[in-house]
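Subject: Structure handover

Hi,

Here is the structure I promised to pass on, followed by my notes on it.

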Number of protein chains: 4
Amino acid sequence: MFKKNLNVGMVGYGFMGRTHSNAFRKVSNFFENEHQPVLKAICGRSEANTRAFADTWGYESIETDWPKLVERKDIDVIDICTPNDSHMEIAIAAAQAGKMIMCEKPLALDTAQGEKMVAAVEGAKVLNTVWYNYRRIPAVTMAKQLIDEGRLGRIFHYRANFLQDWTISADLPQGGAGLWRLDAAAAGSGVTGDLLAHCIDTAIWLNGSLNGVSGMTETFIKERRHTVTGKVEKVNIDDACAFLARFQNGSLGLFESTRYARGHKALYTFEINGEHASIKWDLHDLHRLDWFDHRDESKLRGWKSIHITDGDQPYMKNWWVPGLQIGYEHSFVHHVADFLANLAGNKSTSPTFREALETTRVCDAVLASAKSNQWQEVGR
Amino acid sequence: MFKKNLNVGMVGYGFMGRTHSNAFRKVSNFFENEHQPVLKAICGRSEANTRAFADTWGYESIETDWPKLVERKDIDVIDICTPNDSHMEIAIAAAQAGKMIMCEKPLALDTAQGEKMVAAVEGAKVLNTVWYNYRRIPAVTMAKQLIDEGRLGRIFHYRANFLQDWTISADLPQGGAGLWRLDAAAAGSGVTGDLLAHCIDTAIWLNGSLNGVSGMTETFIKERRHTVTGKVEKVNIDDACAFLARFQNGSLGLFESTRYARGHKALYTFEINGEHASIKWDLHDLHRLDWFDHRDESKLRGWKSIHITDGDQPYMKNWWVPGLQIGYEHSFVHHVADFLANLAGNKSTSPTFREALETTRVCDAVLASAKSNQWQEVGR
Amino acid sequence: MFKKNLNVGMVGYGFMGRTHSNAFRKVSNFFENEHQPVLKAICGRSEANTRAFADTWGYESIETDWPKLVERKDIDVIDICTPNDSHMEIAIAAAQAGKMIMCEKPLALDTAQGEKMVAAVEGAKVLNTVWYNYRRIPAVTMAKQLIDEGRLGRIFHYRANFLQDWTISADLPQGGAGLWRLDAAAAGSGVTGDLLAHCIDTAIWLNGSLNGVSGMTETFIKERRHTVTGKVEKVNIDDACAFLARFQNGSLGLFESTRYARGHKALYTFEINGEHASIKWDLHDLHRLDWFDHRDESKLRGWKSIHITDGDQPYMKNWWVPGLQIGYEHSFVHHVADFLANLAGNKSTSPTFREALETTRVCDAVLASAKSNQWQEVGR
Amino acid sequence: MFKKNLNVGMVGYGFMGRTHSNAFRKVSNFFENEHQPVLKAICGRSEANTRAFADTWGYESIETDWPKLVERKDIDVIDICTPNDSHMEIAIAAAQAGKMIMCEKPLALDTAQGEKMVAAVEGAKVLNTVWYNYRRIPAVTMAKQLIDEGRLGRIFHYRANFLQDWTISADLPQGGAGLWRLDAAAAGSGVTGDLLAHCIDTAIWLNGSLNGVSGMTETFIKERRHTVTGKVEKVNIDDACAFLARFQNGSLGLFESTRYARGHKALYTFEINGEHASIKWDLHDLHRLDWFDHRDESKLRGWKSIHITDGDQPYMKNWWVPGLQIGYEHSFVHHVADFLANLAGNKSTSPTFREALETTRVCDAVLASAKSNQWQEVGR
């Protein structure tokens, strides 16, 4: 089968650069689409590092100045993998150059930036998506199907948390490569934009919009040495954030995120309680979905642990055989697979910039509430 | 060994009447103390029901009017198992009669009542305790020991919830025997006093006082038939309640309770994250404690599920052999065992009325915050 | 309600003496029957110890010579809690005296003894039962119901093991109080009669008779100091035993037991795989039953963990409320409850001596096979 | 970095063809080695299917006759992914042609074949390996490290099983593409060579050689339609197989495999009990290792669930960040990575043909024992 090429130009070669490159390289071995991604160019500031990354992943060329990449005629899609503070500028330039855009999450540093980005891609009518990859873990996608099929009935509760423990040591510096997530200038916020944004994106997808929130943030370690300046500086990110929420559908929400929960490396969990059934999921065992159905015969009711590896479960017919699990990286492959499928119909892939902006609005409301000690409505 | 009798007079023969009676009957088969409880009298309004209960449990006599019980010379301790709205009156009378008092939780309908009760028992200098039984589940007691030994280091997070699903049906009436917990007049509040009170008592015990809270409550089913009046009436209890908290020790708290979480019968869970270690527990597998210690050898770190059935774990040397679990009822036996041990030293057993009052103060602050949509300080 | 007394005379006051006494004392608080047990007499060789036990549990009298107990007119049922080597003698005497008999498991040291015991009770027409208590863990009883209802279809596999780790230290002596299970003279065999007997009893109950077995035994620690003689003596028990089996219904069996499995205190587990459904259970979480039903909707298939605490699950309506677990000791209470219920109809309670003899036959076949290195048919 | 090419010629494009191709394509993105695999040629009998497979995976050329592939000068390594009955012939030809060989497991139909294959590769001095991929699941590799470090002390027990449920329906035919595993002519045996071979390979690796075995096999469905002949024919494979074993190190083994265990898709589990510590693993949650250490502080002993996703755990520093799991396919990538690393030193990669032959010897002994109903020594 002859395939059309989708020429990818990626900006940034950090952790997300690897997950995306792997996804672009693998997708056509497992999913059939009209287009196949071609790793055309990788762009980074350090020529040596960019070259090494290109060698490892098989990029055909490198750039060290992103505006040049954006202008190249042989690039179809710009994939933005840089720290959050450069998303807006790159995205707007790419839109103006008529490129499709795949942007790492969170969309932007804040709502104001995000609104400009939405205006840019919609004005330029370019296909766009934001890499909230957890939607495409098969268990999470199946949760969405079960909810859309109405199996839960009226929803009463939604709770989610994202717990890590990697910043507990006071010796850990802030800023610079690998640690920009601890520097508010580069990241915008701490766990709110980094971790809660994932929880919020999934929540909106599964349970609809949030009306109002009451938030609380804390910075446990107040000062850290800054890698770039070499000085001990005030830490401006939030180390932990929790919030109460009310959804438009009348259900109550409870969200929490922290990098100070010993024992949890990347424990993203959610649970949804409906009138008839409940769902639980956690990222540490991402290939399982827990399901409770009150309509089961009374004495046999219980939580069922569903091993999501069967061909009739989302995305799984493209992988191995029942019982054999896939992992974290596959969520990115699925995102690309869906992007390619939508591309054939000239459709943007969800979450689009506009959809991802709603998550940023919630983050901003949470941070505002945490400052005011009052409930805060979510902006529209 | 010759034992002194502790003559028990119990008021109320509902669910808690059974758990307490069982505890009084069993304790001396398993724990050695100077005193042994004697089931002297049970008091209830229905003579037939009270007689039947006395027959089942071996009470020597019955009363149908609690003031008479309180006045009886042959009674040493009054055990209050009635709905919350009569705790205050009975407790104050019992204190004035010089009886020891064991009172079901929550202490009172609200802080104002609780303060009067504390004044009464402290004025009369009678031994007193409140049956927050979950402290004496061996796993929970061991959590307390581990924390007191300083093994967790600085605490960052405390989260707890108590999830049930028994009131989801709109057909369930409110009020009357077995359902007084759904009637605000008898119960004071809904899940806040019934379930969150347990979570708060444990939290204060394990993690110290709470400074401030931000709460949210909801009543999902707005009207229910009232068993007593026969009419459909407004439901005044909270069906669900969640709150954010800040503890005096600087840690953050997250609490939630509901009777609308499908799949959870009585799932009380808590988790504590400290600098060095974390602890998790849940009531559905109450004989296990989950423990994570960051000081373990790096590649072998993980959550350990400790089966709390060994002789060197709290209370367990008095029961069977390693591997053989005890259950819910045993927490009450332990409470009585501790009461008897303290009695020998003329000491009240924790939580005393004064200690339990702090939990009621937190409940009141949560409910006030839920009304005001603002953070609320916890009263002292 | 007026109840008839069932006067209990117990021989032996070790670990099983405690579990039985507790069961006799509690049963009438939770189960309604025509008869209520009365702790009439306890018999042991040491007068001081027997007296202390009587005081703790409320026995009305003591004996230090079991033939005297057996002859007492005021005793209705003899409960045998002694080491295995005295079961036969006591049981036959009790039967001849016309007493009902409740005998600890295993029935006897071997098949020859067991046959005499069956002849004695059947000849004397006295009610009899053997305390294979695990049948009456509610989860296990529910497994039996599900199988009897035909829900599993044709059975393919049955596997069970009973794993402990308490004899790994070579310093542990053999023989004497508390350690008679390590002395073949008192116990007959090692883990085979002690632990596998439980697995076999349950297996026969749930899956029918075994036709043939192929066994393997091992004694890891060859010599231990004997508590009674004070000398280092050869260990004659089996420390570990495993066997393959073929059931009459065509299914395959796999059984294993050991006291050398680090990490397992008393982990009795079984799993049954049928054409349509499978069941798993383990004693370390005895209040749960795992259930897989292939007839579930394909994409929602999974193992369900059923929390056996609801009123429509076996025995549970007599205890607390949904979500609140019972423990190990309750299996004995249920055994007594069923004994009392059967007593009203003058029926022996399963497993009777005759039924328990089948388990002993299987044990003997396993031990014979382990010696011959060949498959062995199970005697009839 | 300039890399040398390792030109791969693969025979067979079924399920294993996919797992191997994926591994060859990915390895150099994640592991640094002197050589990088190049997908030079794929060989299959159907030209159309072979072409389609080549297109999907990017093979440079195709062959439809394996002897031609073996003779090609531009091929460095022959990867054998065909059904078991052609392993010997292809391997011997490849060895004679001086090619390196990577052969799917099991090595051969039986010991006699395997011995010829070992002679061929050793005679030709070509690098060789057999794809027992489960050794290279990071959790399994870590188990090997823990054992080699002596942490378990003397080993008492080894138990393993491999449970599936995909052949329960009597309507499933035997033979032909996708179903050759049900045809004894192509597969040699049923679950013994297919599933138990994995368990045995791991067991020998972790716990050393087996001296003797006692086996039992069963074919539950006696006849099935044969896809190739179209007729209902006798089923000659074993549907289930279990065996007892004695290891050279004195420990006892228990192995079981079946395709008739409802609820298990591909549940490969093993547990090892040592004097000081125990290990458990299961393929359905392959990214976890369960660890019990008796040397832990007594009251804190318990089974620890280690989430094998950290950089200091085997292979994991090459993948993502802590908490983010990999899956089944990665075990093959690791096998190739190790093959490339060994290639640099001109060393065969374990298990070599010689090592894999030992597994086949055990399988043959098990099948012989099942026929004779007696213990069988394992040949050397």
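**Chain B against chain C**

Between chain B and chain C, the count is six salt bridges. One of them joins B:Asp310 to C:Lys265, with 3.2 Å between the closest N and O atoms. Please keep in mind that this is a predicted model, and that every value below is computed from it.

Together the two chains bury about 3,200 Å², and 48% of that lies on carbon and sulfur atoms. Within chain B, the residues that lose the most area to chain C are B:Lys265, B:Trp320 and B:Gln325, which together make up 21% of what that side buries.

**Chain D against chain C**

Chain C also has a contact with chain D, formed by 45 residues from chain D and 44 residues from chain C. Here about 3,600 Å² is buried between the two chains, 58% of it on carbon and sulfur atoms. Which residues of chain D lose the most area to chain C? They are D:Met216, D:Phe220 and D:Arg262, together 20% of what the chain D side buries.

The rule finds four salt bridges across the interface of chain D and chain C. As one example, D:Glu256 pairs with C:Arg159, and their closest N and O atoms are 2.6 Å apart. The count of residue pairs in polar contact between chain D and chain C is 23, with both residues at pLDDT 80 or more.

Several strands of chain D each supply at least two residues to the side that touches chain C: strand S7 (155-163), strand S8 (210-218), strand S11 (240-247), strand S12 (252-258), strand S13 (267-274) and strand S14 (277-282). The residues on this side of chain D divide into 19 nonpolar, 17 polar and nine charged.

**How chain D and chain C are related**

Chain D is superposed on chain C by a rotation of 180° with 0.0 Å of shift along its axis, at an RMSD of 0.0 Å. That is the relation of a two-fold axis. The same surface serves both copies, as 98% of the contact residues of chain D recur in chain C. If you want a landmark for the rotation axis, D:Gln374 is the residue of chain D that comes closest to it, at 2.4 Å by C-alpha.

**Inside chain A: two domains**

Chain A is divided into domain 1 (4-133) and domain 2 (135-377). Taken over C-alpha atoms, the centres of these two domains are 23 Å apart. In the contact between them, 47 residues of domain 1 of chain A meet 47 residues of domain 2 of chain A.

The two domains of chain A bury about 4,200 Å² between them, with 66% of it on carbon and sulfur atoms. A:Phe31, A:Tyr132 and A:Asn133 supply 20% of the area that domain 1 buries against domain 2, more than any other three residues.

Across this domain interface of chain A the rule finds four salt bridges. Take A:Lys105 and A:Asp194, which form a salt bridge with their closest N and O atoms 3.7 Å apart.

Which elements of chain A give two or more residues to the side of domain 1 that touches domain 2? They are helix H1 (15-30), strand S2 (35-43), strand S5 (100-103), helix H5 (111-124) and strand S6 (128-130). The largest share of that side, ten residues, comes from H1(A). By class, the side of domain 1 that touches domain 2 divides into 28 nonpolar, eleven polar and eight charged residues.

Happy to talk any of this through.

Best wishes

Definitions and conventions
Residues are numbered from 1 along each chain as its sequence is written. Chains are lettered from A and ligands numbered from 1 in the order in which they are written. This is a predicted model: local features need pLDDT of at least 70, side-chain atom pairs count only at pLDDT 80 or more; totals for chains, interfaces and linings use all residues. Side-chain values use heavy atoms; hydrogens and water are left out. Contact means heavy atoms within 4.5 Å. Buried area is the accessible area (1.4 Å probe) that two parts lose on being put together, summed over both. A salt bridge is a side-chain nitrogen of Lys or Arg within 4 Å of a carboxyl oxygen of Asp or Glu. A polar contact is a pair of N or O atoms within 3.5 Å; within protein, one must be able to donate a hydrogen and the other to accept it, and residues adjacent in sequence count only if both atoms are side-chain atoms. Helices (H or I, at least four residues) and strands (E, at least two) are DSSP runs, numbered from the N terminus. Ala, Val, Leu, Ile, Met, Phe, Trp, Tyr, Cys and Pro count as nonpolar, Asp, Glu, Lys and Arg as charged, and the others, Gly among them, as polar. Domain bounds come from an automatic or database domain assignment. Copies are superposed by least squares on the C-alpha atoms of residues with pLDDT of at least 70 in both.
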